[in-house]
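Trainee: I would like to learn how to read the features of a model like this one. Where do we begin?

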Amino acid sequence: TRAHAATLAAALASPRVALRPNAVVSRILTDPHSGEATGVTYVDRVTRRAADVRARVVMVCASAIESARLLLNSRSARHPDGLGNASGSVGRFLMDHLFLDLQVRCALPEHLAATPGDERGDLYVAAAGPGAGRFGIELAVRAPAATPRHRLRAALGDLLRDQRPLARRWRPRRTCALDLAAIGEVTPHVENRVAVRDDVRDAWGIPVAHIAYRRGAEELAAARAMEAAALATVATGFEIIRARSALYPPGLSVHEMGTVRMGDDPRRSALNRHNQAWDCRTLFVTDAACFPTGGFQNPSLTIMALSLRASRWLARESNLF
């Protein structure tokens with residue numbers, strides 16, 4: 001949040017920046033002869049009026065699903081399959097992190113019993129078994145609450161996780177709760193994709209995204225390895241009284257990636273190493289749509305770094321200005 005505030009403040013300090021809130025972009029405009037991007041059409045969210053904005057370069061950072069949707073909705077005679085989609089890869093290779101959440105009730109060690117209400121967190125990287133991807137595990141320790149008010153709040157929070165009576169949770173006890181979140185890498189598959197539905201439109205008249213996504217055997221194997229590693233993390237120092245785990249459905253982590261992938265081969269990728277579209281040099285895509293692989297880390301800082309790198313290259317070396 002601080003980084004976003006700092007960069008936005010620096011941009012608004014320039015006389016060359018105009019911020020247009022409530023603008024829902026529906027398509028990217030292109031020159032009918034050259035095929036280059038020349039601006040965008042947007043619908044005002046409040047007034048529902050459409051307007052155009054002209055530009056020498058269009059940079060898209062709308063999220064993996066929305067960026068793919070926008071490019072596919074920007075079809076034209078020069079780009080019949082969608083803008084930047086000469087390779088046919090736009091919308092394909094959708095990835096989303098595996099997300100596994102575990103709650104474990106453990107006997108409380110003496111050094112934690114002395115600090116009720118304390119919370120600790122850590123992050124480590126673990127290699128999964130053969131055929132499974134990499135993952136990371138975050139651990140938070142919640143010791144018994146220090147006051148009745150805190151105990152009630154903790155009890156109400158636990159009530160959301162299973163159906164044991166609230167009265168049984170109210171009694172003080174020498175146990176603590178461990179919350180573990182495991183995030184795992186997903187392999188890109190061409191059949192996992194974002195398409196657009198011309199027959200279904202959103203509130204602003206824009207064709208909606210249609211998502212086809214299925215987990216494969218390697219992802220399910222990775223999830224089992226993640227769960228085993230998460231339990232092993234706490235089993236070495238705690239007596240596990242209760243463990244409950246669930247692999248969440250796709251989309252929960254909000255880490256979608258890969259639908260406008262970068263690469264060195266224009267036949268297999270939509271963007272070059274500068275996040276510039278191979279077949280539309282005035283178009284750049286800098287969000288996680290450009291990721292050719294997903295890793296297991298949160299993509300936010302990488303998105304910011306790629307956006308900064310692409311912007312610097314555009315300003316200093318692209319010869320587009």
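This is a predicted model: local features need pLDDT of at least 70, side-chain atom pairs count only at pLDDT 80 or more; totals for chains, interfaces and linings use all residues.

Mentor: We begin with a definition: the expected span of a helix is 1.5 Å times one less than its number of residues. H6 has 19 residues, so its span should be 27 Å, and the distance between its end C-alpha atoms, 27 Å, agrees.

Trainee: Which residues of H6 are buried?

Mentor: The general idea comes first. An α-helix has 3.6 residues a turn, so residues three or four places apart point the same way. In H6, the buried residues are Glu219, Ala222, Ala223, Ala225, Met226, Ala229, Ala230 and Val234.

Trainee: What does the secondary structure of the protein chain come to?

Mentor: The protein chain has seven helices and 13 strands. Of its 321 residues, 41% are buried. Among contacts with a separation of 6 or more, 68% are between residues 24 or more positions apart.

Trainee: Is H2 mostly covered or uncovered?

Mentor: To read burial in a helix, compare the buried residues with the length of the helix. H2 is mostly covered, with eight of its nine residues buried. Those eight are Ala64, Ile65, Ser67, Ala68, Arg69, Leu70, Leu71 and Leu72. The cover over them includes S1, S4, strand S9 (193-201), strand S10 (207-212) and strand S13 (280-285).

Trainee: Arg69 is on that list. What does the side chain of Arg69 make a polar contact with?

Mentor: Arg69, in helix H2, counts as buried because its relative accessibility is 11%. Its side chain makes a polar contact with the side chain of Asp202, at 2.7 Å. Leaving aside residues up to four places away in sequence, Arg69 touches Val196, Asp202, Ile206, Pro207, Val208 and Ala209.

Trainee: Where does Glu36 lie, and is Glu36 buried or exposed?

Mentor: Glu36 lies in the loop between strand S1 (23-30) and strand S2 (37-44). The cut-off matters here: buried means under 20% relative accessible area. Glu36 has a relative accessibility of 19%, so it counts as buried. A polar atom of the Glu36 side chain lies 3.1 Å from the backbone nitrogen of Thr282. Beyond four places in sequence, Glu36 touches Leu29, Thr30, Asp31, Cys280, Arg281 and Thr282.

Trainee: How is a pocket read, and how much space lies in the largest pocket?

Mentor: Take the volume, then the lining, then the elements that supply the lining. The largest pocket holds about 2100 Å³ of space. Its lining has 43 residues, and the closest to its centre are Val17, Ala18, Met59, Val60 and Cys61. By class, the lining has 28 nonpolar, nine polar and six charged residues.

Trainee: Which elements each supply at least two residues of the lining of the largest pocket?

Mentor: They are helix H1 (2-12), S1, S2, strand S3 (50-54), strand S4 (58-60), helix H2 (64-72) and helix H7 (300-316). The largest share, six residues, comes from H7.

Trainee: What does Arg20 touch?

Mentor: Arg20 is in the loop between H1 and S1 and is partly exposed at 48% relative accessibility. Not counting residues up to four places away in sequence, Arg20 touches Tyr42 and Val53. The C-alpha atoms of Arg20 and Asp44 are separated by 9.4 Å, and these two are 24 residues apart along the chain.

Trainee: How many residues apart in sequence are Asp179 and Asp101?

Mentor: They are 78 residues apart in sequence, with 7.4 Å from C-alpha to C-alpha. Asp179 belongs to strand S8 (residues 175-184) and is buried, with a relative accessible area of 16%.

Key: Residues are numbered from 1 along each chain as its sequence is written. Side-chain values use heavy atoms; hydrogens and water are left out. Helices (H or I, at least four residues) and strands (E, at least two) are DSSP runs, numbered from the N terminus. Buried means under 20% relative accessible area, exposed over 50%, partly exposed in between (1.4 Å probe, protein chains only). A polar contact is a pair of N or O atoms within 3.5 Å; within protein, one must be able to donate a hydrogen and the other to accept it, and residues adjacent in sequence count only if both atoms are side-chain atoms. Contact means heavy atoms within 4.5 Å. On a 1 Å grid over the protein atoms alone, a cavity is a set of points where a 1.4 Å probe fits but cannot get out, and a pocket is an open set with protein on both sides within 12 Å along at least five of seven lines; lining residues have an atom within 4 Å of a point. Grid points are joined across faces, edges and corners, and a volume is the space filled by probe spheres set on the points. Ala, Val, Leu, Ile, Met, Phe, Trp, Tyr, Cys and Pro count as nonpolar, Asp, Glu, Lys and Arg as charged, and the others, Gly among them, as polar.
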